[in-house]
Amino acid sequence: PTSSSSPTPFPQPTAIPNRPHYEEVGETGTKTLWVVFVIMLLSSLAFIAMSWRVPVQKRLFHVITTLITTFATISYFAMATGDGNSYAHIVIKEAHKHVPDTFEDVFRQVFWARYIDWSLTTPLLLLDLAFLAGLDGASILVAIVADLIMVLLGLFAAFGQTDGQKWGYYAMACIAYLVIVYQLVIPGRRAVMAKDSSTAKLFASIGGFTLILWTLYPIVWGIGDGARKWSVDAEIIAYAVLDVLAKPVFGFWLLFAHARNAQSIEGFWSNGLNHEGAL
Ligand code: RET
């Protein structure tokens with residue numbers, strides 16, 4: 001007679017372990033981070049040299065812009081040397097018809113140094129634009145606080161464990177971004193209309209450039225960190241291009257154009273009066 005409780009010839013696992021899967025930086029990503037580090041460092045030095053050519057009272061934009069690329073230099077140094085990152089843990093369910101569902105543990109590298117960078121540099125970029133436009137204090141405060149909320153929510157979203165959490169934070173961050181856009185487009189444009197036409201033109205073009213660039217960040221985030229359709233390296237390259245445009249290119253454009261404007265205004269107000277006061 002056979003026993004129905006005969007032991008199985010080999011031990012059966014009680015639960016199938018989750019399959020681990022790592023998504024992290026590769027050689028291309030690391031190289032890209034080093035290249036951007038050098039670009040940010042050289043830009044910072046160039047902005048410092050440019051500030052020496054103008055009197056201290058006219059250095060506000062130089063100081064803000066130099067700080068922006070200095071923070072980026074530090075953040076890119078951290079990321080390139082393998083610091084300033086951690087792994088987000090996402091559990092992906094794989095449903096099966098006839099056998100129990102299995103799970104995949106995804107560990108995706110998140111460079112949180114970016115978010116520290118953005119929390120310091122994006123308010124400074126907004127200050128550049130706000131001072132150019134002559135924006136009022138209340139609007140500046142709203143834009144900067146909305147900006148901090150946006151970046152912090154982006155950080156929380158990057159480490160979100162479920163899709164609900166991740167996209168919930170992301171949606172709130174997008175609303176905060178719209179608040180920033182509103183401040184620049186409505187009160188910003190209204191304020192700059194009170195200034196000379198060359199400043200108004202510069203604000204329209206550099207502000208438009210900013211809005212287009214900034215809108216690409218949540219798109220890159222959505223494809224990379226969000227949907228995980230891009231590798232960590234692809235995401236690093238996309239952010240690298242955006243960061244170089246949003247910081248050094250933005251900075252050179254602002255400092256050169258503003259210097260040209262200030263000169264033409266001074267020439268026009270030949271008695272030495274300057275439309276923009278100390279700026
Ligand atoms: C996140 C994800 C959540 C939704 C939104 C985002 C927007 C980020 C922006 C970043 C701008 C960065 C800049 C860096 C300068 O070098 C946080 C990606 C809306 C607008 C300009």
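This report covers the nonpolar cores and the aromatic pairs of the structure above.

The model is predicted, so local features need pLDDT of at least 70 and side-chain atom pairs count only at pLDDT 80 or more, while totals for chains, interfaces and linings use all residues. Residues are numbered from 1 along each chain as its sequence is written, and side-chain values use heavy atoms, without hydrogens and water.

A nonpolar core is a set of buried Ala, Val, Leu, Ile, Met, Phe, Trp, Tyr and Cys residues joined through side-chain atoms within 4.5 Å. Buried means under 20% relative accessible area, exposed over 50%, and partly exposed in between (1.4 Å probe, protein chains only). The largest core holds 51 residues, and Tyr115 and Trp221 are among those with the most contacts inside it. Helix α3 (113–133) is one of the contributors with at least two residues; α3 gives the most, with 10 residues. Helices are DSSP runs of H or I of at least four residues, and strands are runs of E of at least two, numbered from the N terminus.

Rings of Phe, Tyr and Trp (its six-membered ring) pair if their centres lie within 6.5 Å; planes under 30 degrees apart count as stacked, over 60 as edge-to-face and the rest as tilted.

| Pair | Centre to centre | Angle between planes | Type |
|---|---|---|---|
| Tyrosine 22 and tyrosine 87 | 6.1 Å | 80° | edge-to-face |
| Tryptophan 34 and phenylalanine 37 | 5.6 Å | 85° | edge-to-face |

Tyrosine 22 in strand β1 and tyrosine 87 in strand β2 are 65 residues apart. Tryptophan 34 and phenylalanine 37 both lie in helix α1, 3 residues apart. Tryptophan 34 is partly exposed at 34%, whereas phenylalanine 37 is buried at 17%.
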